[in-house]
Amino acid sequence: MAGAEVFGGPGSAWRLNAVAGLISRGGSRLEDLFFADFGYSPPPFGPPVWDPIVIAASVAMRE
């Protein structure tokens with residue numbers, strides 16, 4: 001069984017679409033999420049250029 005939970009500020013719910021796309025494909029793994037290509041434009045002088053979904057997949061793969 002697979003699932004995801006997304007929370008955050010405005011626009012955060014759009015990240016759920018990326019995860020839902022991989023889940024609905026069936027047979028997807030955390031590695032697929034980690035290596036997926038996301039369009040991400042962080043605010044200038046703000047957070048790092050890594051998409052939060054990729055960071056979450058990286059942390060989950062370590063466990």
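Author: Read along the sequence, the chain runs α-α-α. This is a predicted model, where local features need pLDDT of at least 70, side-chain atom pairs count only at pLDDT 80 or more, and totals for chains, interfaces and linings use all residues. Residues are numbered from 1 along each chain as its sequence is written, and side-chain values use heavy atoms, with hydrogens and water left out.

Reader: How many helices and strands are there in the protein chain?

Author: Helices (H or I, at least four residues) and strands (E, at least two) are DSSP runs, numbered from the N terminus. Here the protein chain has 3 helices and 0 strands. The helices are α1 (14-25), α2 (30-35) and α3 (52-62).

Reader: What share of the residues is buried?

Author: Start with the cut-offs. Buried means under 20% relative accessible area, exposed over 50%, and partly exposed in between (1.4 Å probe, protein chains only). Of the 63 residues in the protein chain, 14% are buried. Now the surface. Accessible areas come from the Shrake-Rupley method with a 1.4 Å probe; for residues, only the protein chains shown count as cover. The accessible surface of the chain is about 5,000 Å². Carbon and sulfur atoms hold 61% of that surface.

Reader: What share of the contacts join residues at least 24 apart?

Author: A contact means heavy atoms within 4.5 Å. Take contacts between residues at least 6 apart in sequence: 30% of them join residues at least 24 apart. C-alpha separations give another view. Ala-60 is in helix α3. Ala-60 is partly exposed, at 30% relative accessible area.

Reader: How much space lies in the largest pocket?

Author: Rolling a probe the size of a water molecule over the atoms shows where empty space is left. A pocket is an open set of points on a 1 Å grid over the protein atoms alone, where a 1.4 Å probe fits, with protein on both sides within 12 Å along at least five of seven lines; lining residues have an atom within 4 Å of a point. Grid points are joined across faces, edges and corners, and a volume is the space filled by probe spheres set on the points. The largest pocket holds about 490 Å³. It has 22 lining residues, and the closest to its centre are Gly-3, Ala-4, Val-19, Leu-33 and Ile-53.

Reader: Which helix gives the most to that lining?

Author: Helix α3 does, with 5 residues. Each of α1, α2 and α3 supplies at least two. By type, the lining has 14 nonpolar, 5 polar and 3 charged residues. Ala, Val, Leu, Ile, Met, Phe, Trp, Tyr, Cys and Pro count as nonpolar, Asp, Glu, Lys and Arg as charged, and the others, Gly among them, as polar.

Reader: Which side chains meet in a salt bridge?

Author: Side chains of opposite charge can pair when their charged atoms come close. A salt bridge is a side-chain nitrogen of Lys or Arg within 4 Å of a carboxyl oxygen of Asp or Glu. The count here is 1. Arg-29 and Glu-31 form the bridge, at 4.0 Å from N to O. Arg-29 lies in the loop between α1 and α2.

Reader: Why does Arg-29 count as exposed?

Author: Arg-29 counts as exposed because its relative accessibility is 52%. Glu-31 is partly exposed, at 32%.

Reader: Where is Trp-50?

Author: Trp-50 sits in the loop between α2 and α3. Trp-50 is exposed, with a relative accessible area of 52%.
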